[in-house]
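Please keep the sequence and the 3D view at hand while reading.

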Amino acid sequence: MNDGCPRVLVVVGDDTGRQGWCTALGAAGFLPEGVDGPPAAILAARRAGAPPPALMAVEAGLKGMGPVLLARALRSLPGMGGLPLLLLGAGAPAGLERSASADTPAVAGAAARGLLAASASGVAAAPGAQSEQPVLDPAVVARVRAYGEPMFQQLVGQYLDELPQRLAQIEQALGRGDLKGGGGIAHALKGSSGSLGMGRLWQACGTLEKECREGRDGLPALAAVRTQAEAAATAMRAVLAAPPAGA
Amino acid sequence: MASILVVDDDMVVRELVAAHLRARGFAVVDAPDGRAAQQMLESRRIDLVVLDLEMPLMDGHQLLRWLRAEQPLVRAVVLTGSSSVQEALACLRAGAFAFVTKPLVDMAALDRAVDLAVQVIATWHDQLGFVRRRRLGALL
């Protein structure tokens with residue numbers, strides 16, 4: 001079915017994980033070949049008659065040789081000097097099989113998200129439903145706050161000050177039909193919101209960015225962004241007003 | 001300890017990543033775009049660049065190409081909100097060491113990429129030192 005697609009060596013020790021990544025990469029347009037470790041990977045890469053692999057996807061926590069040494073060994077083989085290395089997250093990309101038949105772009109996105117994802121649950125959570133995301137993730141807030149209270153106050157304060165202006169800029173861009181500009185601001189807002197633990201706002205910005213990229217009217221998605229921005233800002237202001245744990 | 005340059009036009013992400021890496025003991029500097037990053041790379045020793053893709057003046061793809069041509073020993077970890085396999089491959093083919101997607105809900109993925117890159121850099125420096133010592137030995 002994937003004849004003519006670029007061949008990818010999937011090196012994952014665990015059977016379930018390997019199968020999951022093969023499914024995900026197959027759905028993303030590759031011809032995956034799963035192997036359980038470095039010796040099998042080297043044999044597969046050198047197999048006579050097979051096209052040279054276009055990519056090696058290696059489990060980040062691969063036992064024994066490790067992904068870096070394996071990459072070096074494979075790249076030393078004739079004709080494979082520039083073979084790219086994808087580092088895969090631990091475990092199986094749970095939930096991908098279900099989405100594979102229904103939504104290939106979602107699988108591609110999720111697979112990319114898992115390239116260096118910390119865990120299988122992180123991979124599964126990325127394309128999940130909006131309700132699964134928190135308005136404000138307390139674990140993320142605690143981590144950011146741990147870098148120092150003055151920095152936290154300054155960073156979040158500036159983010160909240162700039163938020164109305166960024167939303168207005170998106171609206172203005174969409175109003176004049178500048179989908180690229182609107183999508184670009186939504187993309188930037190997505191990055192900072194997500195990094196501060198504002199999961200639903202991150203997801204709403206992602207939807208708006210996608211609408212803009214695909215040339216659709218982004219105003220309904222912008223309304224959702226505004227709603228989530230309001231909720232996230234309210235939650236974050238409450239956090240700012242409260243003293244940090246242990247203070 | 002490796003020196004790291006964080007390049008992102010988003011102040012929140014840039015400051016958070018820089019603070020996290022500093023807390024881990026790395027020497028960290030930062031820049032808001034590719035052009036400013038280029039100037040820093042030309043004026044001081046940087047081992048690793050953590051860079052965003054979508055940036056003004058000079059974007060991440062341009063910076064990756066410049067690094068490959070001008071500073072091939074510097075490793076690059078791409079940190080981006082674009083999560084497609086095709087984008088990841090394009091970056092890896094352009095010379096990126098790793099591709100990590102935002103949001104940084106936890107820093108484990110970034111840490112893993114940085115640690116692997118630092119491991120490779122250290123090995124490379126060891127090899128360089130070995131070659132220099134051998135050459136020096138031959139001269140003496």
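The contact between the two chains takes 35 residues from chain B and 35 residues from chain A, two residues being in contact if their C-beta atoms, placed from the backbone, lie within 7 Å. This is a predicted model, in which local features need pLDDT of at least 70 and side-chain atom pairs count only at pLDDT 80 or more, while totals for chains, interfaces and linings use all residues. Residues are numbered from 1 along each chain as its sequence is written, and chains are lettered from A and ligands numbered from 1 in the order in which they are written.

**The side of chain B that touches chain A**

- Two or more residues each are given by helix 1 (11-23), helix 4 (85-93), strand 5 (98-101) and helix 5 (108-139) of chain B; helices (H or I, at least four residues) and strands (E, at least two) are DSSP runs, numbered from the N terminus.
- Helix 1 of chain B supplies the largest share of this side, eight residues.
- By class, this side divides into 21 nonpolar, six polar and eight charged residues. Ala, Val, Leu, Ile, Met, Phe, Trp, Tyr, Cys and Pro count as nonpolar, Asp, Glu, Lys and Arg as charged, and the others, Gly among them, as polar.

**The sheet of chain B**

- Five strands of chain B form an open sheet in the order 2-1-3-4-5, with parallel pairing; two strands pair if DSSP finds at least two bridges between them.
- Strand 2 (27-31) and strand 5 of chain B stand at the edges with a single partner strand each, so one side of each is left without a neighbour in the sheet.
- Strand 1 (residues 3-7) and strand 3 (residues 48-51) of chain B pair in the parallel sense over four bridges, and L5(B) stands opposite V49(B) in strand 3 of chain B.

**Helices across the sheet**

- Helix 1 of chain B lies across strand 1, strand 2, strand 3 and strand 4 (75-80) of chain B, at about 170 degrees to strand 2 of chain B. Axes are lines fitted to C-alpha atoms, for helices over the stretch in contact, and angles run from 0 to 180 degrees between N-to-C directions.
- Helix 5 of chain B lies across strand 3, strand 4 and strand 5 of chain B, at about 170 degrees to strand 4 of chain B.
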